[in-house]
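Biologist: I have a model to go through with you. Please show it, and then I will ask about its parts.

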Amino acid sequence: MKGKIAFIPEGHKIDFFEYDVPQPVPGGLIAQVTQTNICGSEVHMWKGEFGRRGIMPGHEMAGSIYALGQGVTKDWAGVPIKEGDRIAPVYYTVCNRCENCVDGNQAGCLNRVMGAAHPDKPPHFTATFATHYFVKPDQHFYRIPDNVPDLIAASANCAMSQVFWALDRGRLTYGEKLLVLGAGGLGLHAMAIAKARGATVIAIDGVDLRLAQAKRFGADEVIDLRQDRDPKARQVRVRELTGGKGPDVVLEVAGIPEAFIDSVNLVRNGGRVLELGNISGGLTAPIAPSMVTFKSIEIHGIATYPPHYLKKSLDFLSAHINRYPYLELCDAKFPLSRAAEALDKSERREVTRAALFPAQ
Ligand SMILES: [Zn+2]
Ligand SMILES: [Zn+2]
């Protein structure tokens with residue numbers, strides 16, 4: 001059995017490689033990828049923001065169990081599984097032994113392992129723009145609840161779990177005000193979770209489709225970036241909507257350095273800033289550190305999530321599947337072979353979340 005997997009050697013170029021699908025190792029499994037999403041980080045890759053060595057795209061997926069490794073009878077929540085069952089894997093492994101893991105912040109694991117640098121390296125299938133995916137023995141995966149379609153489950157193992165963890169790290173609680181900068185996949189998932197836990201949600205974006213989606217995913221108020229271009233005007237508007245104080249928590253998922261500056265400016269004195277969107281090392285932002293000092297704010301940087309948050313996300317989806325229009329979250333579908341076109345459209349923000357289907 002042959003499988004295919006993609007590689008981005010440089011900005012705006014994608015190659016496909018073919019290899020024999022490997023056997024699962026004891027304790028692990030091989031998944032057949034049924035759907036993989038284009039996440040913000042793939043768009044950064046597509047723009048060439050990840051250096052010159054190239055990169056393997058794809059980490060959000062839903063799939064079915066193609067082959068079970070020896071001894072694997074349950075998922076990481078203890079739910080019995082068999083070949084053919086639908087699963088979502090966490091796209092990295094953590095050590096559970098380092099200082100951060102022991103401290104309960106496995107998202108900050110010092111020994112986190114992601115996929116390989118190039119698909120040539122066996123077992124080849126360590127990223128998800130592919131027909132198959134190699135799940136390692138220490139890699140968490142969970143059975144997808146029956147009422148959650150693949151189309152929705154695929155974003156649980158990145159965007160959704162990451163914001164779920166971020167809101168917990170930021171201690172967003174009932175009755176608080178959350179400001180979300182950026183109404184893409186991360187932002188919309190955050191709005192839904194925040195709303196469900198009783199927060200008031202304000203969203204800022206500059207794209208009609210995304211502003212409309214924000215409202216449907218729980219935003220109580222939306223601010224159109226195009227109408228309040230000046231940061232000062234935005235600050236006035238945000239103050240108006242938060243009783244003159246500013247939001248308790250700001251979630252930065254717009255992914256541009258200016259949005260980080262906005263977060264620090266907009267959060268209330270003593271509030272919490274959650275920085276998720278900026279992931280490109282070459283981009284910088286001028287900021288007055290005294291703002292952090294005098295406002296007495298907390299800034300949490302969050303990449304990834306403790307693996308068990310994927311289970312929380314899948315359970316949340318199962319419980320709220322009819323409350324939010326999750327099915328519309330993926331607004332564009334392409335066969336995997338047309339990944340370049342899908343990435344172009346994502347870069348131009350013509351689509352919010354594109355899904356790729358390896359089987360087509
Ligand atoms: Zn992602
Ligand atoms: Zn660790």
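Biologist: Which residues have the most contacts inside the largest nonpolar core?
Modeller: First the ground rules: this is a predicted model, where local features need pLDDT of at least 70, side-chain atom pairs count only at pLDDT 80 or more, and totals for chains, interfaces and linings use all residues. Residues are numbered from 1 along each chain as its sequence is written, and chains are lettered from A and ligands numbered from 1 in the order in which they are written. A nonpolar core is a set of buried Ala, Val, Leu, Ile, Met, Phe, Trp, Tyr and Cys residues joined through C-beta atoms within 7 Å; buried requires 20 or more other C-beta atoms within 10 Å of a residue's own, exposed 12 or fewer, partly exposed in between, with C-beta atoms placed from the backbone. The largest such core has 105 residues, and those with the most contacts inside it are A88, V180, M191 and L251.

Biologist: Which helix gives the largest share of this core?
Modeller: Helices (H or I, at least four residues) and strands (E, at least two) are DSSP runs, numbered from the N terminus. The largest share is nine residues, and it comes from helix 4 (residues 156-169).

Biologist: Which residues does L251 touch, not counting those up to four places away in sequence?
Modeller: Contact means that the C-beta atoms of two residues, placed from the backbone, lie within 7 Å. With that cut-off, L251 touches V163, A166, L178, V180, L181, A190, L274 and L276.

Biologist: How many residues does each domain bring to the contact?
Modeller: The side of domain 1 that touches domain 2 divides into two nonpolar, four polar and three charged residues. Here Ala, Val, Leu, Ile, Met, Phe, Trp, Tyr, Cys and Pro count as nonpolar, Asp, Glu, Lys and Arg as charged, and the others, Gly among them, as polar. The contact takes nine residues from domain 1 and twelve residues from domain 2.

Biologist: Is P145 buried or partly exposed?
Modeller: P145 is found in the loop between strand 7 (141-143) and helix 3 (150-153). P145 touches L314 and S318, not counting residues up to four places away in sequence. It has 15 C-beta neighbours inside 10 Å, so P145 counts as partly exposed.

Biologist: Why do the buried residues of helix 11 lie on the same side?
Modeller: The buried residues in helix 11 (residues 339-347) are A339, A342, L343 and S346. The arc is that of the directions from the helix axis to the C-beta atoms. They share a side of helix 11 because they cover an arc of only 100 degrees.

Biologist: What covers the buried residues of helix 6?
Modeller: In helix 6 (residues 208-216), R210, Q213 and A214 are buried. They are on the same side of helix 6, because their arc around the axis is only 110 degrees. Helix 6 is followed by G218, whose phi is positive, near 110 degrees. The cover includes helix 5 (185-196), strand 9 (200-205) and strand 10 (221-224).

Biologist: What percentage of the 360 residues of the chain count as buried?
Modeller: The chain has eleven helices and 15 strands. Its C-alpha atoms fill a box of roughly 60 × 40 × 40 Å along the principal axes. The buried part is 49%.
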